Amino acid sequence: MPRLSEYLLPTEREPPADAEALSHKLLVRAGLIRQVGAGLWTWMPAGWRAHQRVVQIVREEMDAIGGMEMLMPILQPAELWKRTGRYEGFGDELFKLQDRKQADMVLGPTSEEVVTTHASTLIRSYRDLPKILYHFQTKERDEPRPRAAVLRSREFVMKDSYSFDRDREGLDASYEKHARAYDRIFDRCGLEWYSVEADVGAMGGFGAHEYMAPCPAGENDVVLAPGYAANLEVASAVAQPVERPSAGAAPEEVATPGMSTIAQVAEALELPEGALLKAYPVVLADGAFVLVMLRGDHKVNDIKLALTLKSQFRQANAAEIEAQLGPPGSIGPVGVAVRIVLDDAVVADGGGYVTGANRPDLHLRGVVPGRDFAFERGDVRNVVAGDTIGGQPVRIEPAIEVGNIFKLGTRYSDVLGATYLDQAGASQTIWMGCYGIGPARIAAAAIEQFADDSGISWPRAISPFDIHLVTLGKEGSEERALADSLYEQLQAAGLDTLYDERDAGPGEKFADAELLGCPVRVTIGRRTLQNGEIEVQVRRGQDSRTLPLEGAASAIADLWRALG
RNA sequence: CGGGGUGUGGCGCAGCUUGGUAGCGCGCUCGCUUUGGGAGCGAGAGGUCCCGGGUUCAAAUCCCGGCACCCCGACCA
């Protein structure tokens, strides 16, 4: 629709000096976003068109499962958050402020409190259930570290929906509806994606999935194996065994002067790091001390450890370690009277391990779990590449979380009094689910996944424009007149067309077109016009072909539709 | 919150070590030429050198204190 000479598309030849992520560089270079402050971005006209195309797809699919779009406020009374415990529980990410009467307010990072409050007064009977309510609303989160432009910002638009059901079975059904709607949304947006099992986290809950778009800038690590996909936070796999020296009759001391890291000890003893056991001392919520032991080449997974311990915990400090085990520096499990959790990847047979000796500059060699110390089992480590699932090696790749679905249960309805009367006239608690999608992340993920050296290559469905029409003719020339005419015809054919009729050279126009990344570029210039033809380039792959000028608009429309 | 880095016209940067009238490329304006891959020539406009204080005859430059932004990590419905 717009003529580029009249439009605001501030493209840049060079990316911002401090940009790291590809989508960050290209969003700025292509004139789609501009920065206002840390984690604060303005969507420029063309960028907002792409964003809103994603929004419209989400809207259509939410409506298709019976969702009802509404709008709840960003500014929310702190009172609601105090009632759910999240005024403190949400942490520093929650923007807090006061109104002119000094009443505490928050800027909503999400809307469970508000929507559940409505449900508590508006839903009274089992006849009122189920319901799915949603909105697109700006979310405010004071992120500790915003990064990569719109991938993690402090203010962003989110589609959040909430389901209300009579019981657990109803929730399961609403959850399934969302899962199917999400499948369609991400397919329609043209993303590469998959859904993974997710941590139910601090919110509690009865199940959760995350929708992941794999790309290098992704902040999540996803563990993949045939038939398996899970967030690293919750993934489990079988570790590869490591070669270990055989154990003697009892652990023997080895001098390790000045060595405090796994790497130092492993190198000095000429053993793989996996032949060592590292200690991770923690203190539980009730004050109990637990020593977690795992292979030296593995890392503790705090989420899985909390599940194993069935308690929140924190790392023990030096004083606590000293009180339980003696001087820190060489912590080990032998001869100490503390609860020990041993990671599943540590096997009892097949040789001895090296552990700390609880004395400075000393380790123990030939330590055998069970024989030399008592333990409980637990799967408390991060999966690593090379582990196997069902005999197949796993792959770990970064991905952007573009959506999630979450079975809340009754956590919010309980505290906010969202109940209904069942058929027997008895009061029941409403079962809830919540479901999020970030349109900006979808747009950024699409850029990450499909960009090439020339710039962005939008999936057809979410491109700012369908067609990028370039005329190389000056005002008054034949090619300019034909381009003007084709511009009208393309719009009449229902194609959103950006018309570059600027007084600029061909190189600049082509470079901008490829940077912006609309799926089809149409060029009208003297060279092909001599044969009565125009040039058409499909952005993805940059294949060019010519089409007869006669009937060009409908041929272009056919081509565009065929891109799928 | 720990570590590292950067603030100089719209964008990218030099100048700072060794204080002395603020520069380069791109972009922008005007004129002429040019028009299938970021064009040429000529003439211009545009800067509280992040902020505050200090030292000095003199500070973009040295000193002190702030602020902002970025990257890595921690953190993260």
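1. Ala, Val, Leu, Ile, Met, Phe, Trp, Tyr, Cys and Pro count here as nonpolar, Asp, Glu, Lys and Arg as charged, and the others, Gly among them, as polar. On that basis the surface near RNA strand B has 17 charged, 15 nonpolar and 12 polar residues. The model is predicted.

2. Of the 44 residues around RNA strand B, those that come nearest are Ala17, Asp18, Ala38, Gly507 and Gly525. Helix H13 (506-516) gives the most to this surface, eight residues. Strand E8 (155-165) and helix H14 (526-529), like H13, each supply at least two.

3. An α-helix has 3.6 residues a turn, so residues three or four places apart point the same way.

4. After H15 comes Gly564, with a positive phi near 60°.

5. The largest nonpolar core holds 110 residues, of which Leu27, Ile467 and Leu469 touch the most other members. Helix H11 (residues 439-450) contributes the largest share of this core, seven residues. Apart from this core lies another, of 27 residues, including Val282, Ala357, Leu364 and Val367.

6. Beyond its neighbours within four places in sequence, Leu27 is in contact with Leu32, Ile33, Gly47, Ala149, Val150, Ala444 and Ile447.

Note on methods:
Residues are numbered from 1 along each chain as its sequence is written. Chains are lettered from A and ligands numbered from 1 in the order in which they are written. This is a predicted model: local features need pLDDT of at least 70, side-chain atom pairs count only at pLDDT 80 or more; totals for chains, interfaces and linings use all residues. Helices (H or I, at least four residues) and strands (E, at least two) are DSSP runs, numbered from the N terminus. A residue is near a molecule or strand if its C-beta atom, placed from the backbone, lies within 6 Å of it. A nonpolar core is a set of buried Ala, Val, Leu, Ile, Met, Phe, Trp, Tyr and Cys residues joined through C-beta atoms within 7 Å. A residue is buried if 20 or more other C-beta atoms lie within 10 Å of its own, exposed if 12 or fewer, and partly exposed in between; C-beta atoms are placed from the backbone. Two residues are in contact if their C-beta atoms, placed from the backbone, lie within 7 Å.
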